[in-house]
Amino acid sequence: MNEPLRRDMFEELCPSGLLPLRFADKWAPLVLRCLADGPRRFSELRVPLHRTTAKVLTHTLRALQRDGLIIRTELPGRTPHVEYALTDLGRGLLGPLEAVCAWTERHWEELLAAREAYADATPRPAA
């Protein structure tokens with residue numbers, strides 16, 4: 001029999017609350033991978049992340065900056081611009097992120113089959 005779940009299992013100071021990449025955050029891991037080879041401008045990030053909106057990308061970049069994973073640098077010049085780059089902390093996530101990507105690639109067919117089975121078994125609301 002399973003142990004009962006404790007009320008204090010996820011207290012405020014629990015490390016899971018500091019987890020910088022929430023599994024539901026679709027864009028943060030993709031941004032980190034885009035920055036793996038060096039700093040990028042916002043417009044450069046929009047190329048591979050074209051399926052997201054500028055607002056969502058901005059929100060994602062701010063969250064990554066808040067967590068200390070990226071740094072935002074304003075560069076002066078005739079046309080001032082901003083670049084985003086990984087911090088050492090953010091660079092340290094590339095290995096675990098690569099492991100998750102490799103796992104996903106190995107289990108791709110199983111994941112798709114599970115999603116299809118779930119969709120087939122889930123009643124659809126009447127229109």
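I began with Thr52, which counts as buried at 6% relative accessibility; I use buried for under 20% relative accessible area, exposed for over 50% and partly exposed for what lies in between, with a 1.4 Å probe and protein chains only. The model I am reading is a predicted one, in which local features need pLDDT of at least 70 and side-chain atom pairs count only at pLDDT 80 or more, while totals for chains, interfaces and linings use all residues. I number residues from 1 along each chain as its sequence is written, and side-chain values use heavy atoms, with hydrogens and water left out.

**Entry 1: the two threonines**

I placed Thr52 in the loop between helix 2 (42–46) and helix 3, taking helices (H or I, at least four residues) and strands (E, at least two) as DSSP runs numbered from the N terminus. Not counting residues up to four places away in sequence, Thr52 touches Trp27, Arg46 and Leu57, where contact means heavy atoms within 4.5 Å.

I then turned to Thr60, which sits in helix 3 and is buried at 3% relative accessibility. With neighbours within four places in sequence left aside, the contacts of Thr60 are Asp25, Trp27, Ala28 and Val31.

**Entry 2: the chain as a whole**

I noted 6 helices and 3 strands in the protein chain, and from the N terminus on the elements run α-β-α-α-β-β-α-α-α. Of the 127 residues in the protein chain, 22% are buried. When I took the contacts between residues at least 6 apart in sequence, 46% of them joined residues at least 24 apart.

As background, nonpolar side chains in soluble globular proteins tend to be buried together.

I also looked up Tyr84, which lies in strand 3 and is buried, with a relative accessible area of 9%. Leaving aside neighbours within four places in sequence, I list Leu35, Pro39, Arg40, Phe42, Leu45, Leu61, Ile70, Ile71 and Arg72 as the residues in contact with Tyr84. Tyr84 and Glu74 are 10 residues apart in sequence, and their C-alpha atoms are 9.0 Å apart in space.

**Entry 3: salt bridges**

I recorded 4 salt bridges in the structure, a salt bridge being a side-chain nitrogen of Lys or Arg within 4 Å of a carboxyl oxygen of Asp or Glu. One of them joins the side chains of Arg33 and Glu98, at 4.0 Å from N to O. Arg33 lies in helix 1 (residues 28–34) and Glu98 in helix 5 (residues 94–106), so this pair ties together parts that are 65 residues apart in sequence. Arg33 is partly exposed at 44% relative accessibility, and Glu98 is partly exposed with a relative accessible area of 44%.

Another of the salt bridges is made by the side chains of Arg66 and Asp67, at 3.1 Å from N to O; Arg66 is exposed at 60%, whereas Asp67 is partly exposed at 25%. I also noted the salt bridge between Glu74 and Arg72, at 2.9 Å from N to O, in which Glu74 is exposed at 58% and Arg72 is partly exposed at 35%.

**Entry 4: helix 5 against helix 6**

How do the axes of helix 5 and helix 6 (residues 108–121) cross? I read that they come within 4 Å and cross at roughly 70°, the axes being lines fitted to C-alpha atoms, for helices over the stretch in contact, with angles that run from 0 to 180 degrees between N-to-C directions. Helix 5 and helix 6 are therefore roughly perpendicular to each other, since angles under 35 degrees count as roughly parallel, over 145 as roughly antiparallel, 65 to 115 as roughly perpendicular and the rest as oblique.

Trp103, Thr104, Glu105 and Arg106 make this contact from helix 5, and Trp108, Glu110 and Leu111 make it from helix 6. I sorted the contact by class into 3 nonpolar, 1 polar and 3 charged residues, with Ala, Val, Leu, Ile, Met, Phe, Trp, Tyr, Cys and Pro counted as nonpolar, Asp, Glu, Lys and Arg as charged, and the others, Gly among them, as polar.
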